[in-house]
Each structure stands twice: as structure tokens, then as C-alpha cells.
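Q: I would like to learn how to read a model of this kind step by step. Could you take me through its features in order?

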Amino acid sequence: MDTEDTLFDAAAEQAVELANRFADEHPEADMWDIADGLLAGAIHYWLYSRQPCEDPMCEDCAPVSTVELRQMELRKLIQQFSEDSDYYRAPTDSKANWS
Ligand SMILES: [Zn+2]
């Protein structure tokens, strides 16, 4: 496993641990509020990290060089990470939603 994968996995694990710790510390809290807050923070950090550099011809930044492109990239990642999750489908899903 290279450093990039290790950092990716560590960041994802830490985010889940933070949510679990927060839920433990606030047993009265709505789990959805904690998850939405965590998602808002994650998206904020992701957008911060994807600001294009000052070179308009930069090939590295080309896929994230406009707000529309960044949103497309973000949606792609959301779809991918959702499908990779053990919780992508729930046993309690309405059957009508299974495709
Ligand atoms: Zn760049």
C-alpha cells in the first residue's frame, strides 16, 4: 500500500471515528445532524484542496478549473465512495428502490 492509499484510508477512518466519538459524547444528538455536519466539513475541505493554481494552462488543475468541473468531479467521487461503502444498500431499503 503506498503512502497515498494509507493517507486516504487513515483520513476516512478518522472521519468515521470522529463521528462515532461525537455521537458517543452527545447521545441525545440526531445522527443525521452529525453526519450532515461531517459531510459539510468534508466538502468544504475538498473544495479548499481543489482550488486551481494560478497557471491557466496547468494540466493538473484542468479537471477542476471551473466551479462546474469541480462539481462534476465531486459528484463522481460521491457516487464512487457511496458504491464502495458497506452501507450503500440497506436491508431496510424499500424494494422499489433496488435497481
Ligand atoms: Zn495547477
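A: Let us begin with a term: helices, here, are DSSP runs of H or I with at least four residues, and they are numbered from the N terminus. The model is a predicted one, and along the sequence the protein follows the pattern α-α-α, with three helices and zero strands.

Q: How is the protein divided into domains, and how far apart do the C-alpha centres of these domains lie?

A: Domain 1 covers residues 1-49 and domain 2 covers residues 55-85, and the C-alpha centres of the two lie 20 Å apart.

Q: What radius of gyration does the protein have, and what would a compact globule of 99 residues have?

A: The protein has a radius of gyration of 17 Å, whereas a compact globule of 99 residues would come out near 13 Å. Taken along the principal axes, the box that the C-alpha atoms fill is roughly 50 × 35 × 30 Å.

Q: How should I read the span of a helix, for instance that of α1?

A: One sets the distance from the first C-alpha to the last against the span expected at 1.5 Å a residue. Helix α1, with 23 residues, reaches 32 Å, close to the expected 33 Å. Helix α2, with 19 residues, reaches 27 Å, close to the 27 Å expected, and helix α3 (residues 67-84), with 18 residues, reaches 25 Å, close to the expected 26 Å.

Q: How are two packed helices described?

A: Two packed helices are described by the distance between their axes and by the angle that those axes make. In this structure, the axes of α1 (residues 3-25) and α2 (residues 31-49) come within 10 Å and cross at roughly 145°, and the crossing is right-handed. The contact is made by Ala15, Leu18, Ala19, Phe22 and Ala23 on the α1 side, and by Met31, Ile34, Ala35, Leu38 and Ala42 on the α2 side.

Q: Why do residues three or four places apart in an α-helix point the same way?

A: An α-helix has 3.6 residues a turn, so residues with that spacing point the same way.

Q: What percentage of the residues of the protein count as buried, and what is the count in each helix?

A: The test needs a cut-off: a residue is buried if 20 or more other C-beta atoms lie within 10 Å of its own, and exposed if 12 or fewer do. Of the 99 residues of the protein, 0% count as buried. The number buried is zero among the 23 residues of α1, so α1 lies largely in the open, and it is likewise zero among the 19 residues of α2, so α2 lies largely in the open.

Q: Is Ala11 buried or exposed, and which residue lies 14 Å from it?

A: Ala11, which is found in helix α1, counts as exposed because it has 11 C-beta neighbours inside 10 Å. The residue 14 Å away, C-alpha to C-alpha, is Ser49, which is 38 residues from Ala11 in sequence.

Q: Is Tyr48 buried or exposed?

A: Tyr48 lies in helix α2 and is exposed, with 8 other C-beta atoms within 10 Å. Between the C-alpha atoms of Tyr48 and Ser65, which are 17 residues apart along the chain, the separation is 13 Å.

How values were computed
Residues are numbered from 1 along each chain as its sequence is written. This is a predicted model: local features need pLDDT of at least 70, side-chain atom pairs count only at pLDDT 80 or more; totals for chains, interfaces and linings use all residues. Domain bounds come from an automatic or database domain assignment. Helices (H or I, at least four residues) and strands (E, at least two) are DSSP runs, numbered from the N terminus. The expected span of a helix is 1.5 Å times one less than its number of residues. The radius of gyration is taken over C-alpha atoms; the globule rule is 2.2 Å times the number of residues to the power 0.38. Axes are lines fitted to C-alpha atoms, for helices over the stretch in contact, and angles run from 0 to 180 degrees between N-to-C directions. A crossing is left-handed if the near helix is turned anticlockwise from the far one by less than a right angle, and right-handed if clockwise. Two residues are in contact if their C-beta atoms, placed from the backbone, lie within 7 Å.
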